[in-house]
Amino acid sequence: MNKDTEIDMEEVKLNELDPEKQPMTGDGQAAGGEKNGSVKLKVPEDEVTFTGLSKDELMKVAGTPGWVRTRWVLLVLFWLGWVGMLAGAIVIIVQAPRCKPIPEMNWWNEGPIYQISDLEAFSGGMEGVEAKLDDMSQLKVKALVLGPFHIVQGDQPSTLDLEKIDPTFGSTKTLEALMTKAHKKGISVVLDLTPNYRGANPWFGSNNDDIIEKVKAAAEYWLNLGVDGIKVSDISFASELTDWPKLRAAVQGNRTEQTKPRALMGVIENLSAPEVSQLVNSSGVDLVLSDLLSSKNEGVARIRDMDTLHSQQRSMAWGLGASNRAHLSKQASGLIRLYQLLLFTMPGTPVFTYGDEIGLQAEGAESPKMVWDVEKEAAEGNRTEHAAVRKWFRSLSDLRGKERSLLHGDYYPLYSSASSLSFLRLWDQSERYITAVNWGDKPETLKLSLKPTEGVELPEKAKVKSSTDENLVEESSVSLDGLTLGPRQAVLLQFPFIS
């Protein structure tokens, strides 16, 4: 066979190959003309379809001993698993620590309470107060105490008219508009009806029940217009008057779970802590504002007063100068942030006078004019301290409103000296807080510890939540065995509940 014949035979063999097995040509096609990448499937002529078992066949299989045993085993396993999970859940519930019941709280316990004694200096009258309610809401203020602004001449009982507003400050109509807007923002409104607020003695120094009868009538009048509470000064005197129970009944009467309770708020001055405690019980007022923090500047004495009154914290209000409507700066120059922290964490309701949130300086007998737009001024480089103090105040107010330990928690004294004090606030399984302040002119090391009889354990370290001391950085961890506070500094520490 010659060479040409061999080539022809090879071409015949290639043509007889399956198209998929033929070699590729240069144009990307198989020798048989099919394009590269094409796939041909051979489908069997008789396709097999799966139909499963018929009903009769399944019934025959289901009744066999093997399947019967299998079903019983699976059923028993299911119920054993279900009972086991139920038993486990019951064990977890039984062994879990019980949540402590929340004490009964009223709106005057939620705080802070914000006093505006001079509406003109604050914002030019009642309409101005209404315009500033958004600012009050940002500070988490829960109640405003307005006035006194009724008509009276100092030490002249015959001029007293508790149902009329001095036109300098506003009118009944503007007060109603203010209350409507305040209530929409969750802010209660209390009127100060101290009769002789322009004179020497709050009650004119008289034992005449005519005055308290006028206060009672005025309380009923303003409460019917939507006021949420009444405040009066010197309840140590007023509560001894014959008609005092009538005033209480006018304010506190007809309380039901469906209605918002009205508050009777009273001011006490120049009494010891045990005397204050006794008067809280005997007078029947809802909230007592004392001057104990202002009248004592020694740490041991202040801690002793808190020890006496902490069990009555839902009836106690604390302020520094607030009992006589004075400003914080007048009592604590250079210590504004320290006392803000102390007031927000003490067991009781914090009470502030307008401007305390920015450290407004009060000089002389005149009411200082309120400063607004402090953030804007700070951005322009002016009064930066006002903005910083307001930010600090706002953060503390927000924290108190969120944390049960600070809102209504138990109180334990830790350490105190002539110029410092510290205490613990805790509630059930919530975060715990330690307040430590040093208003002295020298650094002080505080050994934070509890008496063994207290039944509460402190950790070795705690986290810095808020601090005025640059050496105690927020979120850092500090030892409780020896906490050093710089002069005129304060710190709030936090640590979790450990079961």
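Modeller: Asp373 is found in the loop that runs between β10 (349–353) and α17 (374–379); helices here are DSSP runs of H or I with at least four residues, strands are runs of E with at least two, and both are numbered from the N terminus. The model is predicted, so local features need pLDDT of at least 70 and side-chain atom pairs count only at pLDDT 80 or more, while totals for chains, interfaces and linings use all residues. Residues are numbered from 1 along each chain as its sequence is written, and side-chain values use heavy atoms, with hydrogens and water left out.

Asp373 is not a glycine, yet its phi is positive, near 55°. Asp373 counts as exposed because its relative accessibility is 54% (exposed means over 50% relative accessible area, buried under 20%, and partly exposed in between, with a 1.4 Å probe and protein chains only).

A positive phi, about 75°, is also found at Glu475, again a residue other than glycine. Glu475 belongs to the loop between β15 (461–467) and β16 (477–479), and with a relative accessibility of 52% it counts as exposed.

Two further loops contain cis peptide bonds. One joins Gly111 and Pro112, with omega about -5°; Pro112 sits in the loop between α4 (107–110) and β1 (113–116). The other runs from Gly147 to Pro148, where omega is near 10°. Pro148 is placed in the loop between β2 (143–146) and β3 (150–153).
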